[in-house]
Amino acid sequence: MRMKLVAGNWTMHGEIEQNRELLNMIVSGTTGMERATCAVCVPYPYLSQAQSLLKNTHISWGAQNISQHDKGAYTGEVSAIMLNDFCCRYVIVGHSERRTLYSEDSRTVALKFKAALDAGLVPILCVGETLNQREAGFTEQVVGEQLDAVIGLVGVDALASSVLAYEPIWAIGTGKTATPQQAQGVHVFIRNRVASHNVRIAAELRIIYGGSVKASNAAELFAMLDIDGGLIGGASLIADEFISIFLAAQN
Ligand code: PGA
């Protein structure tokens with residue numbers, strides 16, 4: 001049985017005072033909900049705040065990006081070792097905004113995935129297609145290539161310590177959610193692709209869905225057999241929404 005994961009991706013949002021209120025509300029609003037895992041991925045400057053407010057709670061924290069390098073003259077970058085200094089559990093790698101706005105190619109994403117794993121962090125690997133690619137019938141090819149780049153570098157066994165997030169780019173921040181059936185179809189594709197290397201790892205792999213998940217659509221998405229939770233952007237900034245989404249993952 002795969003335990004569902006609901007992870008918030010705050011993207012570039014936050015302010016010390018608001019964060020405190022939001023995190024405290026999430027902690028109290030989800031207390032006793034133990035049938036799923038909850039996490040928040042916050043901007044780097046707030047990792048220390050997340051650590052002090054969330055330690056000794058049931059909520060984990062993490063970052064939204066990581067350098068592929070251990071250390072060195074890489075101005076503005078943050079290493080896995082630094083994330084460990086703040087006791088992060090998760091780090092998002094290959095979010096579509098990183099791939100498109102910051103030109104991260106699949107090779108770079110794979111190196112970041114490896115850097116996270118090597119440091120004992122749990123990478124949340126994002127894959128997903130654009131609207132044009134979907135309409136042209138290339139969804140599986142695109143998602144397959146993004147996945148293969150990682151498997152090619154680290155081997156399929158490494159997926160056992162990671163989470164996959166299917167995030168169709170056309171659904172991120174647009175209010176357009178993939179239908180549960182559309183998402184389920186790609187999740188099955190991903191699981192089968194992993195199963196072609198290792199059936200057990202595929203069966204245990206958590207594949208979460210991201211792209212305009214809200215309190216109003218979470219339950220129907222999470223009801224699909226191969227959807228093991230969600231990566232939540234906008235709705236993770238609103239305590240009530242995020243708590244309701246987490247509640248939907250309890251079933
Ligand atoms: P959204 O974002 O939930 O606002 O669509 C998802 C994400 O950024 O991962």
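Author: Start with Ser-212: one of its backbone N or O atoms lies 2.7 Å from a ligand oxygen. A polar contact here is a pair of N or O atoms within 3.5 Å.

Reader: Experimental or predicted? What are the ground rules?

Author: This is a predicted model: local features need pLDDT of at least 70, side-chain atom pairs count only at pLDDT 80 or more, and totals for chains, interfaces and linings use all residues. Residues are numbered from 1 along each chain as its sequence is written, and side-chain values use heavy atoms, with hydrogens and water left out.

Reader: OK. Which side chain has an N or O atom 2.7 Å from a ligand oxygen?

Author: That of Glu-167. Gly-234 also takes part, with a polar backbone atom 2.9 Å from an oxygen of the ligand.

Reader: How much of the ligand's accessible area does the protein cover?

Author: 93% of the 280 Å² that the ligand has on its own (Shrake-Rupley method, 1.4 Å probe).

Reader: Switching to charges. How many salt bridges in the whole structure?

Author: Eleven. The cut-off is a side-chain nitrogen of Lys or Arg within 4 Å of a carboxyl oxygen of Asp or Glu.

Reader: What distance for Glu-17 and Arg-20?

Author: 3.1 Å, N to O. Both residues lie in helix 1 (residues 16-30), three residues apart, about one turn of the helix. Helices are DSSP runs (H or I, at least four residues), numbered from the N terminus.

Key:
A polar contact is a pair of N or O atoms within 3.5 Å; within protein, one must be able to donate a hydrogen and the other to accept it, and residues adjacent in sequence count only if both atoms are side-chain atoms. Helices (H or I, at least four residues) and strands (E, at least two) are DSSP runs, numbered from the N terminus.
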